[in-house]
Amino acid sequence: QWQGPLPSLAYVADSGGKESSYFEEVLRKMRHPRTGLRLPWQRVVDFYHAAERIWVMAESLFGSSSPKHQTWALRMLKTLKGKRRGVKRVLHSAASLAARRKMGQTRSKAFRKAYNYLRKRTKWMRYRDYKQRHIPLGSGITEAACKTVYTQRLKLSGMRWKRPGAGHVLNLRTLLLSRTWRPAYGRFLATCHTFLPTAYTAFTPNRREKAA
């Protein structure tokens, strides 16, 4: 029934295999309930996971004992979050340092893995733009919702669930937590006449029939 502008729809998560498949197989296929058009989701790589890769690159470049390790990492985190094209600036700085410094095989492998993680996901790391559009940068809100909706209800002592039963309970819990229980329940009752049993009528045999 909402007639106003469409809210900003953001999917904030790590960009691993499961998260990517969920976005491709579920979210991208969702359509507006009224117009039928695909919903415009903004995908965002969780800033915490991106920051982890910066710390890995810093340790690989300088070593954990060097003071430059922390100095460079903090500067890159500030660049990544606050500068336009921040992730590309971080990658340029990291590649420039890697070309001038010697790293062992283990540190070099860790550096390339972290570097490629950022390089392949640059289009989902425009954090400066996200902040201006009031899109969250981290998945903390989502994780807190999962704890409130799922964990506190389904993971109590001794509980065992199958998917259909858990789905019904979570639907009801979502209605309750979103404060839409009364209108949803009222709407359900308005359609219940098709499910109610018909009044009982005793069987009356035709009087013209002869008893067996």
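The largest nonpolar core of this predicted model comprises 33 residues, and those with the most contacts inside it are Ile-54, Met-57, Trp-72, Leu-80, Leu-118, Met-125 and Tyr-127. A nonpolar core is here a set of buried Ala, Val, Leu, Ile, Met, Phe, Trp, Tyr and Cys residues joined through side-chain atoms within 4.5 Å, where buried means under 20% relative accessible area with a 1.4 Å probe and protein chains only. Two or more residues are given to this core by each of β2 (41–45), α2 (47–62), α3 (67–82), α4 (86–100), α5 (105–119) and α6, and the largest share, eight residues, comes from α2. Helices (H or I, at least four residues) and strands (E, at least two) are DSSP runs numbered from the N terminus. Apart from this core lies another, of five residues, including Val-149, Ala-166, Val-169 and Leu-170.

Residues are numbered from 1 along each chain as its sequence is written. Local features need pLDDT of at least 70 and side-chain atom pairs count only at pLDDT 80 or more, whereas totals for chains, interfaces and linings use all residues, and side-chain values use heavy atoms, with hydrogens and water left out.

Leaving aside neighbours within four places in sequence, Tyr-127 is in contact (heavy atoms within 4.5 Å) with Val-44, Val-45, Asp-46, Phe-47, Ala-50, Leu-80, Lys-81 and Leu-137. The charged end of Lys-81 in turn sits over the ring of Phe-47, 4.6 Å from its centre, the criterion being NZ of Lys or CZ of Arg within 6 Å of the ring centre and within 35 degrees of the ring normal. The charged end of Arg-43 likewise sits over the ring of Trp-124, 3.9 Å from its centre.

Seven aromatic pairs are present in the structure, a pair being rings of Phe, Tyr and Trp (its six-membered ring) with centres within 6.5 Å, and planes under 30 degrees apart counting as stacked, over 60 as edge-to-face and the rest as tilted. The rings of Tyr-11 and Phe-23, with centres 5.8 Å apart and planes at 15 degrees, are therefore stacked; this pair links distant parts of the chain, Tyr-11 lying in strand β1 (residues 9–13) and Phe-23 in helix α1 (residues 17–25), 12 residues apart. Both Tyr-11 and Phe-23 are buried. The rings of Tyr-127 and Tyr-130 have centres 6.0 Å apart and planes at 85 degrees, so that pair is edge-to-face. Ring pairs also link Tyr-11, Tyr-22 and Phe-23 into a cluster.

How values were computed: Buried means under 20% relative accessible area, exposed over 50%, partly exposed in between (1.4 Å probe, protein chains only).
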